[in-house]
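Let's take a friendly tour of the aromatic rings in this structure. Have the sequence and the coordinates open as you read.

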Amino acid sequence: MKEDKENTRPREKRMEIKSEDGEKTEKPKPEKKEAMTKIVIRRLPPSITKEELEEQLQPLPEVDYLEFFSNDSSMYPHVFARAYINFKNQEDIVLFRDRFDGYVFIDNKGQEYPAIVEFAPFQKIAKKRSKKKDAKSGTIDEGDHLRKQLPSWTS
């Protein structure tokens with residue numbers, strides 16, 4: 001598929017700056033276009049799980065990233081779930097959007113939730129977070145420097 005303006009984002013342009021003595025400080029670089037392959041599905045039912053979503057999205061084209069975020073009840077009344085998907089082939093995005101943009105998901109209570117499919121504003125794929133606990137977490141009371149300062153803080 002040809003890259004078209006709709007599915008590409010222009011890279012930052014470098015400006016050429018001339019100093020007072022006429023020297024160029026930066027050279028302009030050619031503009032590169034980055035293909036947009038990551039989409040977000042918004043307004044999913046709050047009670048849907050990742051497994052239920054994957055089941056309803058079948059047959060899913062080849063993807064290399066699928067991240068599901070369940071509802072956040074602190075954001076009431078906007079308590080929708082959402083999912084981010086990165087497609088390997090840009091052609092699959094149009095087919096997926098045609099199929100699921102406006103698709104009505106029904107939760108276990110029978111409520112209808114029309115989904116919205118759009119390009120994700122942040123196109124990079126999030127890195128996996130380390131589950132390793134910080135070794136210094138919870139040790140502030142054990143520090144000598146704190147014990148020395150404590151009497152001066154209370155007076």
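## Burial and the model

A residue counts as buried when its relative accessible area is under 20%, as exposed when that area is over 50%, and as partly exposed in between. Please keep in mind that this is a predicted model.

## An edge-to-face pair

How many aromatic pairs does a search of the whole structure find? The search finds six. One of them joins F80 and Y113, whose ring centres are 6.1 Å apart with 80° between the planes, an edge-to-face arrangement.

F80, at 25%, counts as partly exposed.

## A tilted pair in a helix

F96 and F100 make another pair, with ring centres 4.8 Å apart; because their planes meet at 40°, the pair is tilted. Both residues sit in helix α2 (residues 91-100), and they are separated by about one helical turn because they are four residues apart. F96 and F100 are both buried.

## A charge over a ring

Which residue lies over the face of F69? That residue is R82, at 4.7 Å from the centre of the F69 ring.

Key
Residues are numbered from 1 along each chain as its sequence is written. This is a predicted model: local features need pLDDT of at least 70, side-chain atom pairs count only at pLDDT 80 or more; totals for chains, interfaces and linings use all residues. Side-chain values use heavy atoms; hydrogens and water are left out. Rings of Phe, Tyr and Trp (its six-membered ring) pair if their centres lie within 6.5 Å; planes under 30 degrees apart count as stacked, over 60 as edge-to-face and the rest as tilted. Buried means under 20% relative accessible area, exposed over 50%, partly exposed in between (1.4 Å probe, protein chains only). Helices (H or I, at least four residues) and strands (E, at least two) are DSSP runs, numbered from the N terminus. A charge sits over a ring if NZ of Lys or CZ of Arg is within 6 Å of the ring centre and within 35 degrees of the ring normal.
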